[in-house]
Amino acid sequence: MANCIIASTSTIYGSQPLEYLNEALTELYSGIDEILFIPYARPGGITHDEYTSSVAKAFNKINKRIVGIHTFSNPTEALKNAQGIFTGGGNTFLLVDQLYRNKVIEPLKQAIHSGTPYLGTSAGSNICGLTMQTTNDMPIVYPPSFKTLGIVSFNINPHYLDPNPSSTHKGETRETRIKEFHRLNPQPVIGLREGSWLHVNDQEIVLKGKLTARIFEQNKAPYEIEPESTLSELN
């Protein structure tokens, strides 16, 4: 029974890290003292320790203690014993590569399905879909597989950006890239804008935040859904 927050980003403009999610995180991690953090995505190439320290400061504000999975000699056991889990953003290719190479992708999936509360932001949200193939990141490493956790039965595009009609940039838009994905892949894709998240409670999936999300399905025109809408029919 999954209990997850799948968020587009950790930080929105004008806000401190995770601040916009504080109320939701207090509920998600209710009754929990310690959260296991997975820092493998390493934004900007920072170290695991630096990333963990930064995240710990954000969680101090809701009275939660953070411990990095990289500090355990047996990360599989760390996942089995975790009260709660958080996977942060950064580079999705690097994150998925490290999950496979540390042999924790299946233990992580099992922990989430067993009900361990899980937060993912950005790359940590990408891995909740069927594959990581709708990430925006550069392929700085080559993971053993693009298959991810499959907590939801669709793919996610965090940090979704709408086309800007006044921009002089003439390259591909996010929508164009997702259309390219659907030429070869059947699963739906959810474009999550900044400040939006999905709340997964067992089989129920609800869009949270103040903004709509854009839904892409193969051989269909993209469409918008309003906050508080359910996506369970896509799961």
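Analyst: Histidine 159 is partly exposed, at a relative accessible area of 23%; on this scale buried means under 20%, exposed over 50%, and partly exposed in between (1.4 Å probe, protein chains only). The model is predicted, so local features are described where pLDDT is at least 70 and side-chain atom pairs where it is 80 or more, whereas totals for chains, interfaces and linings use all residues. Numbering runs from 1 along each chain as its sequence is written, and side-chain values rest on heavy atoms, with hydrogens and water left out.

The backbone of histidine 159 has a positive phi, near 60 degrees, in a residue other than glycine. Histidine 159 sits in the loop between strand S6 (155–157) and helix H7 (174–184); helices (H or I, at least four residues) and strands (E, at least two) are DSSP runs numbered from the N terminus. Lysine 103 likewise is not a glycine and has a positive phi of about 60 degrees. Its place is the loop between helix H4 (92–101) and helix H5 (105–113), and lysine 103 counts as exposed, with 65% relative accessibility.

S6 belongs to an open sheet of four strands, ordered S6-S7-S10-S11, with mixed pairing; two strands pair if DSSP finds at least two bridges between them. From one strand to the next the twist averages 30 degrees. S6 and strand S7 (residues 189–191) run parallel and are joined by three bridges, and isoleucine 156 stands opposite isoleucine 190 in S7.

Beyond its neighbours within four places in sequence, leucine 231 is in contact with Phe154, Ile190, Leu198, Ile205, Val206, Leu207, Ile215 and Ile225; contact means heavy atoms within 4.5 Å. Leu231 and Phe154 are among the residues with the most contacts inside the largest nonpolar core, which has 43 residues. Such a core is a set of buried Ala, Val, Leu, Ile, Met, Phe, Trp, Tyr and Cys residues joined through side-chain atoms within 4.5 Å. S1, S2, helix H3 (75–81), H4, H5, S8, S9 and S10 each give two or more residues to this core. Apart from it lies another core, of 22 residues, among them Tyr20, Ala24, Ile32 and Ala56.

Strand S8 (residues 197–201) pairs with S9 in the antiparallel sense over five bridges, with histidine 199 opposite valine 206.

Within this sheet, S5 runs parallel to strand S1 (residues 3–7), to which four bridges join it, and isoleucine 5 stands opposite leucine 119. S4 and S5 also pair in the parallel sense, over three bridges, and glycine 120 of S5 is the bridge partner of threonine 87. Tyr118 and Gly120 point one way from S5, Leu119 and Thr121 the other, and all are buried. In a regular strand the side chains alternate between the two faces of the sheet. Threonine 121 has a relative accessible area of 1%, and its contacts beyond four places in sequence include Ala7, Thr9, Phe86 and Gly88.

S5 (118–121) is also among the elements covering the buried residues of H2, together with helix H1 (22–28) and strand S2 (34–38). In H2 the buried residues are Tyr51, Thr52, Val55, Ala56, Ala58 and Phe59. Down the helix axis they fall within an arc of 160 degrees, so they line one face of H2; the arc is that of the directions from the axis to the C-beta atoms. The face turned away from this buried side carries the exposed residues Asp49 and Lys57.

Notes: Axes are lines fitted to C-alpha atoms, for helices over the stretch in contact, and angles run from 0 to 180 degrees between N-to-C directions.
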